[in-house]
Amino acid sequence: MNEAYIRQAAHAFGFDRPEIEPLTSGLIHNTYKVLGSGSAIVLQHMNTAVFKQPEKIISNYLTIFNYLGDTSEVKIPKPVPTQSGTWLFTDDAGNIWRAMQYIPDSYVESSAISSGQAEKAAHCFGAFLKA
């Protein structure tokens, strides 16, 4: 991914001179940690070859986020709007971006390494489907 487009997207989400760090555990999207002025977000270049209608992804994400709210034991990162108040940003090359809250000390498992992890993932997936 061209760094100029990553910086353009970071700027759209409120980061003027960001530090950008690739997050490489994702399988579908190009994902980056963006730091600046004491805050951080996860910036994601959406793979529109896989997801042809990214606005539906955002709509579903917002529905789930709002359903789970602050009372659920299942937490997902808070979506972050652009400076203009939209949930998606399109850069000069036509790449589509979204952003969400960065959660310190979080990580992504690519597969369950224990039955307990598999059970926890199933519980979270059930909450997702219920939303």
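## Salt bridge

In this predicted model, a search of the whole structure finds one salt bridge. The pair is formed by R7 and E3, whose closest N and O atoms are 2.9 Å apart. Both residues belong to helix α1, and because they are four residues apart in that helix, about one helical turn separates them.

## Buried side of helix α1

Helix α1 spans residues 3-12, and its buried residues are I6, A9, A10 and A12. These residues cover an arc of only 155° around the axis, and therefore they lie on the same side of α1.

The strands against which the buried residues of α1 pack are β1 (19-23), β2 (30-36), β3 (39-45), β5 (89-90) and β6 (96-101).

## Ends of helix α1

At the N-terminal end, α1 is capped by N2, which places a side-chain oxygen 2.7 Å from the backbone nitrogen of A4.

## Confidence of the model

The protein chain averages a pLDDT of 86, and 91% of the residues score at least 70. Within the chain, confidence is highest in β5, at 98, whereas helix α3 (residues 115-130) has the lowest confidence, at a mean of 74. Strand β5, with that highest confidence, is also one of the strands packed against by the buried residues of α1.

How values were computed. Residues numbered from 1 in each chain as written. Predicted model: local features only at pLDDT ≥ 70, side-chain atom pairs only at ≥ 80, totals over all residues. Heavy atoms only, no water. Buried < 20%, exposed > 50% of the residue type's maximum accessible area, 1.4 Å probe, protein only. Helix = DSSP H or I, 4+ residues; strand = E, 2+ residues; numbered from the N terminus. Arc of directions from axis to C-beta. Contact = heavy atoms within 4.5 Å. Polar contact = N/O pair within 3.5 Å; in protein donor to acceptor, adjacent residues only side chain to side chain. pLDDT = per-residue confidence, 0-100. Salt bridge = Lys/Arg side-chain N within 4 Å of Asp/Glu carboxyl O.
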